[in-house]
Amino acid sequence: MTAAIIFGLLLALMLTGMPISIALGLTVLTFLFTMTEVPIQAVAMKLFTGIESFEIMAIPFFILAGNFLTHGGVARRMITFATSMVGHWPGGLGLAAVVACALFAAVSGSSPATVVAIGSILIPAMLKAGYPPRFGAGVVTTSGALGILIPPSIVMVLYAVSTNSSVGALFMAGVVPGLVLAFLLGLTTWWRAWRGGFPRNPRATWAARARALRESLWGLLLIVLVLGGIYTGLFTPTEAAAVSAVYAFIIAVFVYKDMRLRDVPRVLLASANMSAMLLYIITNAILFSFLMTSEHIPQTMAQWLLDAGVGPIAFLLLVNVLLLVAGNVMEPSSITLIMAPILFPVAMKLGIDPIHFGIIMVVNMEVGMCHPPVGLNLYVASGIAKMGITELTIAVWPWLLTMLGFLGLVTYWPALSLALPRALSMMR
């Protein structure tokens, strides 16, 4: 009954059109002050101590690094390199979009940023080359979702904070699934292009490929810097985020010189705005998690499922359905912060690895970003492609079905996520 009251109140507030962060906070305060004896001082203390986490500091740094890279010409050079490598195959520019999204995802940590950086260049280029509008928009919208699976990933940091998991192990666990999904999206792109007889670029010479690699090398080195630094123990994921922000600033302003010093304050302000928005959601979600724990709802749910004989296979199926439904009404950060503290204890009781469970949640968030009504990637791509949401929803279906198939694969094949971090001795 307590859980029904809490979630009923949250849903009622969200249906009014209220921002999710405010709905979370009001739900907690209303319940605490009307149905419990919790003092107001405890709420204020929880608000401040909830975000007193070293890992949370990684979020604004990764956002800042992504913004420097988006405005600093890194994406354009990565696209040139990707096109030189795969542009001669059927649907070459579409394949280049998948490769470029995978590369940019590995330095930005954000799906919308990946869609903007890659889509703003490649979608007009595909239209000019004679590709159908739906093809280009569908490729970029779905491939852009790699931004939260291929590390570094802001959503992974949020999951780690919510469940007290290792950020470094999560980052390494995302590498292989990210590469596999990029391959499957590329395969879908190639198949549709081959079936449709879409254009291909002339084969680039090895000299042209070497030149494109050399020009994009500074951006690609950031991948090595972040993941290599974390794996070797040179710095923590939070320190890696700070290093990536400084590195991105240096290559954007002083190496590539695509950004002027007078543009830096604007990028800093945009990053601060996005960081503040996320931190506000985090504080309210932590309050909501505190309420859940104090009312023993996750523990009661875990015991109820165990008593009902629900095993890991059925539980993971329920989790996927629940998260896919939640993706219709909420964006990834909110879903992760609300659902992870509730579902995590149940997963632990059923013997599901916490890192594997985190990757399952992230892949669900990817799918949610590509379908209406709240899919962020849809709205970003819609603005770039000048295409209505309904038409864009139809356009993404072939790739969305591929992502759903991949979700089933990553859910029931834990080794896909866990093999690399175990090989690197980052987990048992």
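Start with the largest nonpolar core, which has 153 residues; such a core is a set of buried Ala, Val, Leu, Ile, Met, Phe, Trp, Tyr and Cys joined through side-chain atoms within 4.5 Å, buried being under 20% relative accessible area with a 1.4 Å probe, protein chains only. Helix 6 gives this core its largest share, 13 residues. Helices here are DSSP runs (H or I, at least four residues), numbered from the N terminus.

A note before moving on: this is a predicted model, where local features need pLDDT of at least 70 and side-chain atom pairs pLDDT 80 or more, while totals for chains, interfaces and linings use all residues. Residues count from 1 along each chain as its sequence is written, and side-chain values use heavy atoms, without hydrogens or water.

Now select Phe315, one of the core residues with the most contacts inside it. Setting aside neighbours within four places in sequence, Phe315 touches Leu305, Val310, Leu343, Val346, Ala347, Leu350, Ile352 and Phe357 (contact: heavy atoms within 4.5 Å).

Next, show helix 4 (residues 58-71) with helix 6 (residues 92-108): they pack at about 135°, axes 8 Å apart. Axes are lines fitted to C-alpha atoms over the stretch in contact, and angles run from 0 to 180 degrees between N-to-C directions. Phe62, Gly66, Leu69 and Thr70 of helix 4 meet Phe104, Val107 and Ser108 of helix 6.

Finally, pick helix 8 (residues 133-143): nine of its 11 residues are buried, so the rest of the structure largely encloses it. Its buried residues, Phe135 and Gly138 among them, pack against helix 6, helix 7 (111-129), helix 10 (167-196), helix 18 (376-385) and helix 19 (389-412).

Conventions:
Helix = DSSP H or I, 4+ residues; strand = E, 2+ residues; numbered from the N terminus. Buried < 20%, exposed > 50% of the residue type's maximum accessible area, 1.4 Å probe, protein only.
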